Amino acid sequence: MVEALKWFIEIVNKVHRWILSLNDQYTWALSDKDLHFIVFGLLALGFFIMIHALFRRIAKVSISTLSFIYTFTVMFALAMAIEFGQRVTRQGIMDFDDVLFGMVGFLVFFVIYQFILVILKAIQSFIKDRKR
């Protein structure tokens, strides 16, 4: 986990240095805050456009799929934040396996939940058919 974060931070730092060099090279005189505003704003907008197009297609098939993707993403971010918090506060060991096990736990309980829904729908359908 620590190695993955270090790798990601190194990539972000390289991109950051490259953008700063462009700023200096073309004498744009943009502050670090200006650059964050522009880069994050454009990155987020591009991400939104791609995700929006994807989710529009998925929504035509299943809202449950969107709910699953959203929940999975939020839970992954939460698990990462908890592990990062453990690293910063030294209240635990930052371990990617904890994130992995937490996400597998979500998947297992989600499958159980879906199985229960299928059983309940089958019972409901059986009761409806018997009343006819």
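**The largest pocket and its surroundings**

Helix H1 gives the most to the lining of the largest pocket, with seven residues. Helices here are DSSP runs of H or I with at least four residues, strands are runs of E with at least two, and both are numbered from the N terminus. The model is a predicted one, in which local features need pLDDT of at least 70 and side-chain atom pairs count only at pLDDT 80 or more, while totals for chains, interfaces and linings use all residues. Residues are numbered from 1 along each chain as its sequence is written, and side-chain values use heavy atoms, with hydrogens and water left out.

In total, 13 residues line the pocket, and Val12, Val15, Ile19, Val39 and Phe40 lie nearest its centre. Two elements give two or more residues to this lining: helix H1 (2–25) and helix H2 (32–61). A pocket is an open set of points on a 1 Å grid over the protein atoms alone, where a 1.4 Å probe fits, with protein on both sides within 12 Å along at least five of seven lines; lining residues have an atom within 4 Å of a point. The volume of the largest pocket is about 300 Å³, counted as the space filled by probe spheres set on points joined across faces, edges and corners.

By class, the lining has 10 nonpolar, two polar and one charged residues. Nonpolar covers Ala, Val, Leu, Ile, Met, Phe, Trp, Tyr, Cys and Pro, charged covers Asp, Glu, Lys and Arg, and the others, Gly among them, are polar.

Helix H1 also holds Asn23. Asn23 counts as buried because its relative accessibility is 5%, where buried means under 20%, exposed over 50% and partly exposed in between (1.4 Å probe, protein chains only). Leaving aside residues up to four places away in sequence, Asn23 touches Trp28, Ala29, Leu30 and Leu35; a contact is heavy atoms within 4.5 Å.

As for the whole chain, the protein has four helices and zero strands, in the order α-α-α-α. Its radius of gyration is 23 Å, well over the 14 Å that the globule rule gives for 132 residues, so the protein is more spread out than a compact globule. That radius is taken over C-alpha atoms, and the rule is 2.2 Å times the number of residues to the power 0.38. The C-alpha trace spans about 80 × 40 × 20 Å along its principal axes. Of the 132 residues, 11% count as buried.
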